[in-house]
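User: I would like to learn how to read a model like this one, feature by feature. Please give the general idea each time, then the case at hand.

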Amino acid sequence: MNIDFLEAIEEMARARGIDREVAFSAMEKAIAAAYQTKFGGEEPPAVSIDRRSGDVSVNGKRFDLVKELGRIESRRAEDFFRREILRHRREGLYEMYASRIGEILNGFVHRFEGRDVWINLGEVEALLPSEERLPTERYVPGRRLRTYLYQVERTQGDPRIYVSRAHPDFVARLLALEVPELEQGMLEVVKVARVAGVKSKVLVRGVDPRIDPVGSCIGPGGSRIRAVSRELSGEKVDIVRWNEDVRQVIRGALAPASTLELELDEPARTATVTVPGSDISLAIGRDGHNVELAAKLTGYAITIRTPSGERAQAR
């Protein structure tokens, strides 16, 4: 019986958060590598560890690690084992987070590298690059933060996990947290256009004809859309109703400005919208964001004009 050896492997597995069988397999490989180094041979020997007694067998014969392997080779086996465990842990992290791309992650602001922010997710850190921050937000260590997972890369060390608070799909995921009809498949988000930290427009389509997609997203008294806006540090979020007729989508995207006339050139994907002179600032929006987002949402370059000839354009 080699209970201490058995317990040491199982303790390592628990501490690293890996499967018990993975730890035993890693140790068997480590012993085989050390054995081959000491005794030679073209192929590693067959090594097995009894899962109940901890006894080790090499090529079917019982093997005393301490007496027959020696101190130096035992240390090599230990190093090999640690490397194998680390490799399994990193691969497990990569697979776990790669399968969660498109989800919201919860973490804490941990540290900074320039304007990049590192988020502590518990077992690993995630990178919030400077261009994925909200320009209106201030980040302080220890602050709890929701982020959108958009990319995972293998590296020589732990996987590199990229998160964002500026990604358009982050708005859609936050909306799904507040609107159960989205999770239930009764309506769907068709597209999100966003100027991060300032304004978003979300195009929604009802799947169930009994559901009002816009009213469902806004919620009673605006409660649902306010919760999303609050999470985005006050970013304004407009909900636009989808329609097969793109003219109706353009009208909805430019609201609250009224539309007097709309000329569409479908092959050129351009639209010229005439609005009352009193509504032109509403149609264009602050710094041109309203018409810019309407253009992104519909895929049409939009020119705003008034009956008197005043014009503005966004692509």
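User: How many Å separate the centres of domain 1 and domain 3?

Analyst: Domain bounds come from an automatic or database domain assignment. Taken over C-alpha atoms, the centres of domain 1 and domain 3 are 52 Å apart. The assignment gives domain 1 (3–97), domain 2 (103–164), domain 3 (167–242) and domain 4 (254–314). This is a predicted model, in which local features need pLDDT of at least 70 and side-chain atom pairs count only at pLDDT 80 or more, while totals for chains, interfaces and linings use all residues. Residues are numbered from 1 along each chain as its sequence is written, and side-chain values use heavy atoms, with hydrogens and water left out.

User: What does the radius of gyration say about the chain?

Analyst: As for content, the chain has 10 helices and 15 strands; helices (H or I, at least four residues) and strands (E, at least two) are DSSP runs, numbered from the N terminus. The radius of gyration is 29 Å, well over the 20 Å that the rule gives for 315 residues, so the chain is more spread out than a compact globule. Along its principal axes the C-alpha trace spans about 95 × 45 × 40 Å.

User: What share of the residues in the chain is buried?

Analyst: Buried means under 20% relative accessible area, exposed means over 50%, and partly exposed lies in between (1.4 Å probe, protein chains only). By that rule, buried residues make up 46% of the 315 residues.

User: What share of the contacts joins residues 24 or more positions apart?

Analyst: A contact means heavy atoms within 4.5 Å. Among contacts in the chain with a separation of 6 or more, 57% are between residues 24 or more positions apart.

User: Is Arg224 buried or exposed?

Analyst: Arg224 counts as buried because its relative accessibility is 17%. Leaving aside neighbours within four places in sequence, Arg224 is in contact with Glu178, Val179, Pro180, Glu181, Ser216, Cys217, Ile218 and Gly219.

User: Where is Arg173, and which residues does Arg173 contact?

Analyst: Arg173 is in helix H4 and is partly exposed, with a relative accessible area of 33%. Apart from neighbours within four places in sequence, Arg173 touches Gly102, Ile104 and Tyr148.

User: Why is H10 described as largely enclosed?

Analyst: Helix H10 (residues 289–298) has 8 of its 10 residues buried, so it is largely enclosed by the rest of the structure. The buried ones are His289, Asn290, Val291, Leu293, Ala294, Ala295, Leu297 and Thr298. Gly299 follows H10 and has a positive phi, near 80°.

User: Which residues have a positive phi although they are not glycine?

Analyst: Asn59 is one of them, with a phi of about 50°; Asn59 is in the loop between strand S2 (56–58) and strand S3 (61–63). Ser233 is another, with a phi of about 60°, and comes just after H7, in the loop between H7 and strand S11 (236–241). At 35% relative accessibility, Ser233 counts as partly exposed.

User: Where is the peptide bond that is cis?

Analyst: The bond from Ala255 to Pro256 is cis, with omega near 15°. Pro256 lies in the loop between helix H8 (246–254) and strand S12 (261–265).

User: How does a strand residue such as Val273 read?

Analyst: Val273 is in strand S13 (residues 270–274) and is buried, with a relative accessible area of 0%. Beyond neighbours within four places in sequence, its contacts are Ile250, Leu254, Thr259, Glu261, Leu262, Ile302, Thr303, Ile304 and Arg305. Val273 and Ala176 are 97 residues apart in sequence and 32 Å apart in space, C-alpha to C-alpha.

Conventions. Rg over C-alpha atoms; globule rule 2.2 N^0.38 Å.
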